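Here are a few notes to read alongside the model. Keep the 3D view open as you go through the points.

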Amino acid sequence: MITKPTHLPRHSLSFLVAVTLAVLIRSASAAAAGPETGSITGQIQNAATGSYLQGAVVAVDGTTRTAITDREGRYRLSGLSSGAAILVVSFSGLDPQRIPIGIGSDGPAVRDVALTSEIYKLDKFIVAGDREGTARSEALRRQAPNVVNIISADTFGNRADANIANLLENVAGISAIYNDLEARQISIRGIDGNLNSVSMDGQQMASSAGNTARNFLFDQMGVGNVESIEVTKAATPDMEGASVGGGINLVTKSAFDRSGGRQITYSAGLTTQPTFHAYSPKWKEPIAGYGPFFNFQYLDVLGAKRNVGIAVTAAWTNFQLTHTKSAFSYGFNNPNPVPTPITNYTRRPWSVNRTKFLTGVKLDYRWSESTTVSAGLTYNYSHILNSNPGAILSNPATFATVDASGNRTGGGQVAPNSTGEFTRVFPAANTTMTLNDFRQPLYAQTLVFQPLVRHRLDRLNITYGLSYSDSLNNRDQPSRISGNTFATLSNIGWTIDRSKDATWPAVTQTAGPDMYNLNNYTTLRLDDTANDFKSRIFNAKLDVKKDFAFPLPTYVKTGLSFQEESRKLRQVFRRWFYTGPDGVLGNADDNRDLAQFRDTIDPRNSDSDFRKYQTDLGGAIPYPNSYAVARHIEQNPRLWSEDLPFGLQSSLLSRRQLVERISAAYILGHLRFGRASVLGGMRVEETRDEGEGPLTYISPEERARRAAWAGTVTPEENLRRVNAQYGGRQSNKGLYRNVLPSVHLRYEPIARLVTRASWATGIGRPAFGTIIPSDTVVDETARVTRNNPNLKPQFVHSYDLVADYYFKSQGSISAGAFRKNIGDYIYTETSIIGSGRDNGFQGEYAGYTLTTQANRGTATVEGLEFSYQQQLTFLPGWSKGFGVHATFTKLKTEGNYGGTTNVTSSSLAGFVPESGSLGLSYRGYGFELRLQAVAYGGHVLAANANPVLVQYRRSRMIWNWKSKYNFSRKLSVFLDVDNFTSAPSVETYIGFKERQNNWYTFDPRIQVGIGGQF
């Protein structure tokens, strides 16, 4: 069945495309007329490091003519009067210069300038590093017309495999979203990652998340080929419209960023966690428990004309992140913080061994002084081995009746005098110990190829390029069986005593079959899921910027873009049950000799900590080994029964695909008058979606055939029925268009104080999972469930007011406030399907109840942001090398978010009201030292209508230490320790702080090695 798209007027997009083309043609004509006399051009660089300075301010004294250098340090000042002049050049953290120059009418005057600073005298030898990167970021932010944060990739430690999300959480307004162990996504100003954009060099990248969401996974990338990271909080019209919270742009390295000859940097070493380690093959860990890593970077400018630039980066790293989970559930929901009995207790050692290979190549060719051709290639590969065994004690949360001696006489299973400190459970059919073990190797990869052409003409810049991005998320060796193993033991009793240790209680079995003997368990099962996820994005983009030699400096910028993203998702599900020697499921030998599948303790893990937290639950837990089970299924298939109907049904329902095409045009203008400037314009985007997905439906003919069946349903007939019910396919289409205006004001009332006010609009497109077609029809209950391809995106109006003060030496202090008004939230609605051919179902299902998604609801997000960063160069002597960094964010939200009642900061799941970071650094005399902390305030993790069942996450602070000593330019040693205070990765409670829910240990991660530069 096909849903017809909503036809919207095309005037806005057509008009803006026409205007864009007209400006483009006019600009090209102006460029053909030839350069204007009376101009100055050149490059600005750092005299100490040889790096070109992007964001340097070049001005002609006594005039309004000002230019900002590009990333190659180039500037051009046009429309100048002939004669003598003074050129004024300044850059954050370096000493300004005033240079006499003569301006003629027979061609541009060329003046290159090298800036320096006293601060470099502290270094034993000069290398480009965090000081220079921070200064460049500060200069770009200072000159930006809108609200933006820019951080250099080496600002918080230069490690090529570093998680980008961990770098970003040092920015005010950003918090990282963790998957227990690693930062995977980022939230900008309280807005989920699905509603923000992530791009590389201005073009969106495909995400290897492996799902139908729009989130981007940062843990599968590194910063090896990233020069800087731009965080846009108030989007301008030349930026992608999908930015409810903001946008992240990764700017890649280029050899043209610096002068001088060849530069080679390297580092190598080992990383470890002083805790238990799951088994890893030799290719991952040649030394057991220690993961090797190396980073390499090669930059060079080649050719007789020095017009070929090459940048090559590569990083290989293997590390193991481990923690242990202790989790409690409470089935007696007292409306006050009195201790309540424990109904479920889980202990789970968890180890993730991740291998990353990250590489990038960028070639730049300077065709002429005005034209540069570039091509960048980025490839990221991530391989994961999970070791995730778990033991879960569970009871149905009903009190028993006991006699005077405390013996159970009837009723439920929990002793009536049980509390949160001591819980006693009597044996019953539904008191169980469940063991499971997840060990499924996974891999993900992302490829990005970006050719680009830039023309720098007199007062005219033209940039056009393409981008192709491809990502995969699959199971390693999909032809091999692997997955999640389960085994269950029933009719047991136990006690949980938290009197001595509330987090790691003493567990004692009191009745029933020995739960430390795997042979007593039943229903041994292995679930195998093979992912097959592919995402591809193709981008084409054209930008034209025209500067006008008016008395008031003015430029106009316009452009066109097109993006096509395709996603294909498919999963193959299989499930087996152990039958025992007779090969028949459901009789007495189904649990014979299960101990053969018991996991053995690696000798590396025999220390007391492992036995306390990972194996001891009153005894050694007999975890099954999923690898052993999988190999047994392959070698002894007659001893296993595969649930074929389950596998076929699940696999059919998982097959989904979608193509999304976004066409956009924009135009903006910028005017500077004195100390003030204004930028305004609009962007128009048209989005078309085409999806294909499963149709779940039992036709009248199929229903009749099943009713006529006589006798036992055969396995073949069962599979045919599954295919008939779940094998249908359907497609749909959707279309919407958005006009996105914005205005940005910048004013510098006094020297070094910059204020900004912005109004910007943006959208958050629906998740692919809500628009890929998926219909489920149940005739027995007269219900239809359908995804909605015509969902509109969420729309936001953002208001910003920011003041930044830049110190004379390097550094700044910033304070700002913002408000976001968000509408068209996506919610689930129900209605009755009408009659007639236009009811959306070609006349079928009249009177059925329809459940689908729609747009409704509003919310506001308000916040205060503060940041401070300064190199303390005003201190005497050696202390000039100190630097400080601090951020703080306070957020507040209120709205119905598509629901029927208002929610606030204290009730919205995942919303972090307070966050911040703190850092102290020192660089000098060969040392580079950093002490860093990131903190998050307590917040709601999972909402519930019953306040007693709301899950909260406690506040968290992580301290990191990074240290390096440079013996020479060619050799240095370093030691980094992440989370050296062993702060837990997760600490939650339910309803009241006394009801601890989850506690995940997280031991420090240590990295040691050598590095250098040639």
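1. Start with β23 and β28 (residues 493–497), which pair antiparallel over four bridges. Strands here are DSSP runs of E with at least two residues, numbered from the N terminus, as are helices (H or I, at least four residues); two strands pair if DSSP finds at least two bridges between them. Within this pairing, Val425 stands opposite Trp494 in β28.

2. A word on the source: this is a predicted model, where local features need pLDDT of at least 70 and side-chain atom pairs count only at pLDDT 80 or more, while totals for chains, interfaces and linings use all residues. Residues are numbered from 1 along each chain as its sequence is written, and side-chain values use heavy atoms, leaving out hydrogens and water.

3. Now widen the view: the open sheet has three strands, ordered β23-β28-β29, with antiparallel pairing. β23 (422–425) and β29 (506–511) are the edge strands with a single partner strand each, so one side of each has no neighbour in the sheet.

4. On to the rings: there are 21 aromatic pairs (Phe, Tyr or the six-membered ring of Trp, centres within 6.5 Å; planes under 30 degrees apart are stacked, over 60 edge-to-face, the rest tilted). Tyr697 and Tyr845 make an edge-to-face pair, because their ring centres are 6.1 Å apart and their planes stand at 75°. The two are 148 residues apart, and their pair links distant parts of the chain.

5. Have a look at Arg214 too: Arg214 lies over the face of Phe768, 4.0 Å from the ring centre. The cut-offs for a charge over a ring are NZ of Lys or CZ of Arg within 6 Å of the ring centre and within 35 degrees of the ring normal.
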